[in-house]
Amino acid sequence: TPEPLAPTLDSARRVLKQYYGYDQFRPMQGDIIESILGRQDTVVLMPTGGGKSVCFQVPAVVQEGVCVVVSPLIALMKDQVEALKANGIPAAYINSSVGLSEQQSITSDCYNGYLKLLYVSPEKLLSEGFLTFLQRLKLSMFAIDEAHCISSWGHDFRPEYTQLRVLREQFPQVPIIALTATADRLTQRDIQQQLRLNQPQVFLSSFDRPNINLIVRPGQNRVGGVLEFIERHPGEAGIIYCLSRKQCETVAGKLKEKGIRANHYHAGLTPNQRAKVQEDFLRDDLQVIVATIAFGMGIDKSNVRWVIHYNLPKNIEGYYQEIGRAGRDGAPATAVLFYSFGDVMSLRDMLSKDDPKLTQLNLTKLERMQQFAEAASCRRKILLNYFSETLPQDCGNCDICRNPPTTFDGTLLAQKALSAAVRGRERMSIGLLIDVLRGMRNQAVLSGGYDQIKTYGAGADLPYLDWYSYIHQMLNDGLMYIAYEEGYALKVTDLGREVLQGQRQVPMKQFKPAEKAPKGKKA
Ligand code: ADP
Ligand code: ZN
């Protein structure tokens, strides 16, 4: 029930107990809710399962007026609204699937102040007349769910999201809260800029999921590997992600042949078929789902014990989101990635056919994914570095930590690369940096004047691919990062500067190509 005076965190806590049955907020939730109740613009970056929904739903209940939630997926909207109603919170959604008479009853529920949350698709929000309708309501806030969709740097870009700046223009007094499970630097920047947020409070919760054991395995005999894995995890629920629909069906078929309760799931199924598979899985009637990445957004099943990637994912954002569906209950879980160089080749072919504007970005992201798979240092560190988070120690819960490869002291190599990057004013891409280190005399080197810098040719003793591997190890270790928005220039981090100043050693793995590229294809 709404309270007339400015609501407090205490009243929010009572709502949490009354409607959700939880005794307390998770640590960051309390701070976020205080920020929202203070009517501040707020950005929430929290991994899937972290509890983002509560952050805007509870303030929506305790505040006066309607909270308008922008959400990109009709299925997600429906689930959330049904869950809210089941908890006794007045909520509704309007999108293309809602009929006219129902829309009318929803709008009158808005006018009479009954509804606390109204979910809309961005298309609906921006459609003729809808903003005018909102102008006549008392609004508590706008909640922009899956806010990373606003960024063309992200993996889930929705052009309609970029129009959301009209909210700030037309409703300057209404606070905006943006929520996402994507935390990279560029996405964060885009969210704040494009939504025109006003000195927002930013809450970045750790993306670490220490209970997930990270494993990468060579991609030979994948079916055999999967069967063996399932045999060693009897009865445990899991998801296998495949690249194509066809492959989902084939793999699911092979599991069924062995008597495993498995089924496939992809966008080619009818909505009814999909709902059925999903429900069977939620009820534990199915042990294994073999799916394309179409499966998983908004799935709330806490006891998924493992996720297998049958193929290399296209980028680390996607990979991390998918493995994050395992172990949401906090109990030990496993993520296995099958990897072969052939996967990189086929993904490269696929990505090269995409929108040319995005091709280079996507190829660069694929490279980072490849380097994760080929890495020789703690895999969790690599993931967290990718999301600009640092882990003070190796994790002890990945295959590398458990079974470390032999390393050598790569400090000098790292210093050469870092020094060249700095002397080149941090404007060089990876390829150019390697050419400079190796003393090449091509157009890009000469026209940039890079043959004049002191470290030019300092790494001429090593072949290109070796440097390529070492530089990616440095990226993975957080000594440098790629500024996509500045022509893919390599930038040196504070950690990298410590290496340059001789304050930090850099262990590196000897470069050994794991597999040669298949004949007939160029790398
Ligand atoms: P997200 O949107 O970040 O993926 P959800 O909002 O779906 O996460 O929350 C994930 C799960 O955690 C849900 O089952 C939710 O009910 C539960 N949850 C959220 N907040 C709390 C809390 N304060 N105490 C206990 N459980 C919570
Ligand atoms: Zn580790």
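Visitor: How do strand 10 and strand 11 pair, and over how many bridges?
Guide: In this predicted model, strand 10 and strand 11, the latter made of residues 288-291, pair in the parallel sense over four bridges. One place to look is Tyr265, whose bridge partner in strand 11 is Ala291.

Visitor: Which helix packs on the sheet there?
Guide: Helix 11, residues 245-257, packs on the sheet and touches strand 9 (238-241), strand 10 and strand 11. The direction of helix 11 makes about 175 degrees with that of strand 10.

Visitor: What is the strand order of the open sheet of six strands?
Guide: The order is 8-13-12-9-11-10, and the pairing is parallel. Strand 8 (212-218) and strand 10 (262-265) are the edge strands, each of which pairs on one side only. On average, neighbouring strands of this sheet are turned by 15 degrees against each other, if direction is ignored.

Visitor: What holds strands of a sheet together in general?
Guide: Strands of a sheet pair through backbone hydrogen bonds, and they can do so either parallel or antiparallel.

Visitor: Switching topic: what is the order in the open sheet of seven strands?
Guide: There the order is 3-4-2-5-6-1-7, again with parallel pairing. The edge strands, each pairing on one side only, are strand 3 (91-94) and strand 7 (201-204). Neighbouring strands of this sheet are turned by 15 degrees against each other on average, with direction ignored.

Visitor: Which residue stands opposite Ala91?
Guide: Ala91 stands opposite Leu117, which belongs to strand 4. Strand 3 and strand 4 (residues 117-120) are joined in the parallel sense over four bridges. Helix 5, residues 100-111, lies across strand 2 (66-70), strand 3 and strand 4, and runs at about 130 degrees to strand 3.

Visitor: Where is ligand 1, I mean, which residues are closest?
Guide: Ligand 1 is surrounded by 13 residues, and the closest are Tyr22, Gly50, Gly51, Lys52 and Ser53. Helix 3 (residues 52-62) gives the most to this shell, with three residues. Sorted by class, the shell has four nonpolar, six polar and three charged residues.

Visitor: Which strands run antiparallel, then?
Guide: Strand 15 (residues 480-483) and strand 16 (residues 489-492) run antiparallel and are joined by four bridges. Ile482 stands opposite Leu490 in strand 16. The two strands form a hairpin with five residues between them, and in the turn Gly487 has a positive phi of about 60 degrees.

Visitor: What is the radius of gyration, and what would a compact globule have?
Guide: The chain has 25 Å, which agrees with the value near 24 Å that a compact globule of 523 residues would have.

Terms used: Residues are numbered from 1 along each chain as its sequence is written. Chains are lettered from A and ligands numbered from 1 in the order in which they are written. This is a predicted model: local features need pLDDT of at least 70, side-chain atom pairs count only at pLDDT 80 or more; totals for chains, interfaces and linings use all residues. A residue is near a molecule or strand if its C-beta atom, placed from the backbone, lies within 6 Å of it. Ala, Val, Leu, Ile, Met, Phe, Trp, Tyr, Cys and Pro count as nonpolar, Asp, Glu, Lys and Arg as charged, and the others, Gly among them, as polar. Two strands pair if DSSP finds at least two bridges between them. Axes are lines fitted to C-alpha atoms, for helices over the stretch in contact, and angles run from 0 to 180 degrees between N-to-C directions. Two residues are in contact if their C-beta atoms, placed from the backbone, lie within 7 Å. The radius of gyration is taken over C-alpha atoms; the globule rule is 2.2 Å times the number of residues to the power 0.38.
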